[in-house]
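The stops below can be selected one after another.

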Amino acid sequence: MQKRRVETVKIVSIYTIFGVAWIYGSDTAVGWLVRDPEIIVKIAVSKGSFFIFFTATLLYFLISRFVQQLAVAERGRLESLKNYQAIFNATNEAILIHDAHNGSIVDVNERMLEMFGYGRDEALTREIWQLSAGVSPYSQEEAVGKVRRAMLEEPQVFEWLSRKKNGELFWSEVSLKKVVTGGCDRIVAVLREISERKQAEEAVREREQFLQTILQTTADGFWVLNAEGRFVEVNNAYCNMSGYSKQELAGLHIKDIEADETPNRTAERIQRISARGTDFFETHHRRKDASVFPLEVSVSFTKERGGQYVCFCRDLTERKRTEEVLHATLRRTQVILSNMHAGILLVNNENQIDFVNQSFCELFDLEEAPANLLGMSAAAMRTITPGVFDDPQVALVRIQEIIAQDQVIKNEQISIRGKRTYLRDYIPLVVEEKKYGRLWHYLDITERKRAEEKLKESEERFKALHNASFGGITIHDKGLILECNQGLSQITGYPVEELIGMDGLTLIAPSSRELVMNNIVAGYEKPYEAMGIRKNGEEYPLRLEARMIPYQGRTVRTVEFRDITDYKQYEAERERMQQQLAQAQKMESVGRLAGGVAHDFNNMLGVILGYSELILEQVEESQPFHSALQGIQQAAQRSADLTRQLLAFARKQTIAPKVIDLNKTVESMNKMLLRLIGEDLDLAWLPGKNLWLVKMDPSQIDQMLANLCVNARDAIADTGKVTIETGNVVFDATYCASHTGFIPGEYVLLAVSDNGCGMDPEIISHLFEPFFTTKEMDKGTGLGLATVYGIVKQNNGFINVYSEPGQGTTFKVYLPRYLALADHKSEAEAASPALSGHETILLVEDEPMILDMAMAMLERLGYTVLAGATPGEAIRLAKEHAGKIDLLMTDVVMPEMNGRDLAKNLLSLYPELKRLFMSGYTANVIAHHGVLDEGVHFIQKPFTLKVLAAKVRGALNTGSVNEGL
C-alpha cells in the first residue's frame with residue numbers, strides 16, 4: 001500500500017513540474033521573441049496542443065508503467081497467499097484464528113476440521129469455548145480466562161479437554177498467541193491431539209500405583225537407601241518387623257539399625273554392592289525397642305536418582321527357631337513325612353540320602369522301597385530322577401544349579417510328565433551354625449492350579465461383564481434432569497444436550513411411570529426394576545437405583561439407569577438350558593436302566609431259545625406239543641428283538657462298522673420300505689449329489705430307516721407322502737452357538753419327512769424315551785425312536801426333530817463324515833463252511849443255565865466240550881487236559897478275571913488257541929463304545945444253534961491266532 005502511494009506521488013510530481021516548467025518557460029520565451037498579438041495567440045494554441053499531446057504521452061507511459069508494477073505486485077501477493085494457505089492446511093496441528101473480542105472463529109485449517117469433525121462453514125459459526133468439554137476446569141469461564149491472558153501478549157501453552165462435534169471428548173495441547181492482522185486483534189490457537197500420550201501417562205501412573213501397592217502389602221520387608229545409605233522409602237512390612245514408623249525411619253542411616261556389623265564394615269558392604277550391583281546375605285537388625293531380629297536381605301544397586309539401593313528382606317526369626325530344633329525333632333517327624341502326599345528327600349553333608357518318603361519314590365518312578373534307598377549317593381539319584389520331567393536335560397542342569405548355589409528355593413513351579421504341576425522347595429539345613437544337609441520338597445499343586453485357573457477364568461468373565469456394562473447416570477430435581485452422562489444418552493438414544501432439562505419420566509414407559517413417580521415422592525433408595533422407553537419408542541427392561549444428594553445448595557436425586565435386556569435374555573436362556581440338561585440326564589438314566597435290564601433278559605432268553613431249538617430238533621412235527629414249542633421259540637425270539645432295541649437305545653449293542661455310501665444303502669432298502677409303509681403312501685427318494693462317506697454298521701441304517709418310516713406311516717391318517725433325502729452339511733461354531741444340540745463339523749444328513757398329523761412340544765420332549773408312545777394299546781412298543789436315538793449317539797451323531805401339529809414332521813439325522821479312504825476291494829464269495837466239527841472246545845460261562853445249554857448245543861454239533869463255570873476252573877481244566885484245545889469260547893464279563901485276560905493266560909499253554917467271545921452286551925475289554933475290535937470273534941447272546949455253529953466254525957477257520965489281542 002505504501003509503495004503504491006509513493007508511485008502515485010511520483011507521477012503527480014513529474015506531471016506538475018513538467019506543466020509548470022512548460023507553461024512558465026514557453027510564455028516567457030514567446031513574450032521575449034514575439035510582439036504581435038495574433039502570432040502570440042497562434043503560438044499559444046500550438047503550444048497548448050503540443051502540451052496536451054506531450055503530457056498525454058507522458059501520462060500514458062507513466063500510468064502504464066505503474067499498472068504493470070501493480071500487476072506484478074498483485075501476482076506476488078497472490079502467490080504468497082497460496083503458499084501461506086498450503087502451509088496453513090498442511091501442518092499436522094489444528095489451527096484456529098478467532099476474534100479476540102467476541103470469540104468467533106474467523107479461519108481454520110483442514111487439520112482442525114478433521115480433528116473436530118466439523119465442516120468449514122459449520123466451524124466458522126462456532127465460538128472457541130464451544131469446542132471445550134464444558135465442565136470445570138474446562139468450562140467456558142476457564143476458556144475465556146485463557147484467551148484474556150493471551151490478549152495481554154502472554155502466549156499460553158496448556159493441556160485442554162476438547163469436545164468433537166459428535167460429543168466425544170479428547171485431550172489436546174493448546175498454544176494461544178495474540179496477533180494483529182488487518183488492524184484487528186486475533187488469537188491464533190494451535191492444537192495438537194495428545195489423547196494417546198495422556199492414556200500412556202495414565203497407564204504409567206496406574207502401573208506405578210500398582211507396584212507401590214504390591215510393595216506395601218507384601219509380607220517381605222522392603223526399603224530404599226540413597227547413595228549415602230539413608231532410608232528414603234520403606235514398606236509397612238518392614239515397619240512391623242522393626243517397630244519403627246515410616247516417619248521415624250526416614251533419614252536414618254542403615255548403620256543405625258545394623259546389629260551385626262560395625263559402621264566401617266557396613267560402609268565396606270555398601271561399596272561392594274555399588275561395584276557388584278547386587279548382594280544377598282543374612283544379618284541382624286535392631287528394633288526400636290532395642291531387641292534384635294535376624295534377616296535375609298537381597299540388595300540391588302541402581303544408578304537412577306543419583307544412585308539408590310533397593311532392598312528386600314525376610315524375617316528369619318521363625319526359621320532360625322525352627323533350625324535350632326530341627327535336628328532333635330527330625331527322627332520324630334519321619335513317620336509324618338513318610339505319609340505325606342508331598343515328595344521329600346533329605347541329603348546329608350556326605351552327599352548320601354538320609355531320608356526319602358514313598359511319595360518321592362512314586363513321583364520319580366523309583367521301584368526301590370524308601371528304606372532301600374537310604375545311604376545311596378545323591379549323585380546316583382540325580383542320574384535316574386530327571387526322566388519324569390518334560391525336558392530331562394534341562395531339569396538335570398537346573399538341579400545341579402540349585403545345589404551349586406545352595407540357597408533357599410521356595411515354590412519353584414515345575415511340570416512332571418506334561419500333566420502334573422509341582423512346587424519344588426530346596427532348603428539347606430543348618431543347625432547351630434553347622435550345615436547338616438539339604439532338603440528337597442515336591443508338592444503336587446495340579447488340582448490347586450486347575451482351581452486357580454477356573455477362578456481366574458471366572459474373575460475374567462466377571463471383569464469382562466463389569467466392563468461391558470455401562471450405566472446411565474442422571475441428576476434430577478423432582479423429575480427435571482439437571483445433568484447426565486454419556487451412558488444415559490447411549491441407553492435412551494437422546495443426545496446429552498436434549499436430555500438436559502427434559503422431564504425424566506419421559507424416559508420411563510407409561511406402564512411404569514406411576515411406580516417411578518411414587519418412589520421419587522417417597523425417596524425410595526433401593527434397586528428396583530421398571531420398563532424404560534427409548535427415543536425410537538422401543539421399550540426395554542430397566543434397573544433403577546437412586547440416592548438423595550446435595551447439589552448446588554439443595555437436595556436432589558441421582559439415579560443410575562441400567563439396561564438389563566441382556567440379563568433378562570440370559571435368565572430365559574439359562575432356564576431353557578436347565579430344562580435341556582434335565583432332559584439329557586433323564587435320557588442317560590433311562591439308557592443305563594434299559595441296558596442293565598436287557599443284559600439280564602438276554603441271559604434268560606438265551607437259555608429259552610437254546611433249549612427250545614434243541615427240543616424242536618428231536619420232536620416230530622406231528623407231535624401235539626410241536627406247535628407249542630414253536631410258540632415258545634417265537635415268543636423268545638420276539639423278546640430277544642425287544643432287548644436288542646433296548647441295547648440299541650442304551651448304546652450297548654455290538655456293531656461292526658463299515659465305510660458305506662449312504663445313498664447306495666438307502667436305495668437298496670427302497671423296495672422293503674415301500675412294502676413297509678403300504679400302497680396308500682407315496683415314497684419320495686431325494687439322494688444328495690457327491691455324498692460324503694460314513695462309517696457305521698449297515699444294519700443300523702436299516703434299523704433307523706425302518707423305525708423312522710413306520711413312525712411316519714403311523715402319523716398319516718389316509719393318504720400322504722414320506723420323503724427320504726440325503727445331503728452334505730457343515731456346521732461352524734457360530735451356527736452351533738445359536739442352535740442348541742448342534743456340534744461343529746462336517747456331517748452327512750439323512751432326513752425322513754412326512755405330511756402327517758405332526759406333534760406338539762410336549763410330545764417332542766418325551767419322543768426318544770423308551771416305551772413312550774402315543775399309539776393305542778398293543779399297537780407299538782415305544783422303542784422305535786428310542787432305538788434310533790441310541791444308534792445315532794453310538795455313532796457320534798445327533799438328531800433333530802422339526803414338527804408342528806397338523807404340519808407334518810421331519811427327523812434329521814446328522815452322521816459324522818468319514819474322511820479316511822473307503823475300502824472298495826471286492827471280496828470273493830466264500831463257500832459256506834461245514835457247521836459241525838470234531839475239535840475240542842473249552843467253554844467258560846459263569847451262568848450255570850447258559851453253560852449247560854451252550855454245552856448241549858456244541859456237543860449236538862459234534863464238538864468235544866470242556867466246561868468251566870469260572871476262569872480259575874477253566875485254567876485248571878486246560879492244564880489237566882492232555883490233548884489239544886482248539887477253541888476257547890468264553891463269556892466276557894465274569895468274576896476273577898474277564899474273558900480277554902483269560903484268553904491271554906491260556907495262550908501260554910496253547911499258543912495256537914483260537915478265541916470266540918460271547919456276551920449279552922458290549923464290554924470295553926473287547927469293544928470300544930460298542931465298536932468291535934478288529935479281528936475279534938464275537939457272538940451276541942441270545943443265539944440260536946445255527947448262529948452258534950456258524951460263529952464257532954468261523955473262529956476255528958481263522959488263519960491267524962493273534963487276532964483280537
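**Before you start**

This is a predicted model, in which local features need pLDDT of at least 70 and side-chain atom pairs count only at pLDDT 80 or more, while totals for chains, interfaces and linings use all residues. Residues are numbered from 1 along each chain as its sequence is written, and side-chain values use heavy atoms, with hydrogens and water left out.

**Whole chain**

Show the protein chain as a cartoon. Its secondary structure comes to 30 helices and 34 strands; helices (H or I, at least four residues) and strands (E, at least two) are DSSP runs, numbered from the N terminus. Of the 965 residues in the chain, 40% are buried. Buried means under 20% relative accessible area, exposed over 50% and partly exposed in between, with a 1.4 Å probe and protein chains only. Among contacts with a separation of 6 or more, 55% are between residues 24 or more positions apart; a contact means heavy atoms within 4.5 Å.

Select residues 221–226, which are strand 6. Angles here run from 0 to 180 degrees between N-to-C directions, with axes being lines fitted to C-alpha atoms, for helices over the stretch in contact.

Strands 6 and 7 are joined by 3 antiparallel bridges, and valine 224 stands opposite glutamate 233 of strand 7.

Next, pick cysteine 311, in strand 10. Is cysteine 311 buried or exposed? Cysteine 311 counts as buried because its relative accessible area is 3%. Which residues does cysteine 311 touch, not counting those up to four places away in sequence? They are Gly221, Phe222, Trp223, Ser298 and Val299. Tryptophan 223 is 88 residues from cysteine 311 along the chain, yet their C-alpha atoms are separated by 5.3 Å.

Move on to another open sheet of 5 strands, with the order 12-11-15-14-13 and antiparallel pairing. Its edge strands are strand 12 (353–356) and strand 13 (409–416), each pairing on one side only. Neighbouring strands are turned by 20° against each other on average, direction ignored.

Select residues 420–431 (strand 14) and 434–444 (strand 15), which run antiparallel and are joined by 10 bridges. Valine 431 stands opposite lysine 434 in strand 15. Helix 15 (residues 392–405) lies across strand 13, strand 14 and strand 15, at about 25° to strand 14.

Select residues 840–844, strand 28, where 5 of 5 residues are buried. In a regular strand, side chains alternate between the two faces of the sheet. Here Thr840, Leu842 and Val844 point one way, Ile841 and Leu843 the other.

Strand 28 is joined by 5 bridges to strand 29 (residues 864–868), and the two run parallel. The chain crosses between them through helix 27 (residues 848–860) in a right-handed β-α-β crossover: with the strands pointing away from the viewer, the path from the first strand over the helix to the second runs clockwise. Strand 28 also pairs in the parallel sense with strand 30 (residues 887–891), over 4 bridges. Isoleucine 841 stands opposite valine 865 in strand 29, and its bridge partner in strand 30 is leucine 887.

Threonine 840 is buried at 11% relative accessibility. Beyond its neighbours within four places in sequence, threonine 840 contacts residues including Thr864, Leu866, His881 and Leu887.

**Aromatic rings**

Finally, show Phe731, Tyr747, Phe798 and Tyr814, which ring pairs link into a cluster. Rings of Phe, Tyr and Trp (its six-membered ring) pair if their centres lie within 6.5 Å; planes under 30 degrees apart count as stacked, over 60 as edge-to-face and the rest as tilted. By this rule there are 18 aromatic pairs.

Technical notes
Pairing = 2+ DSSP bridges.
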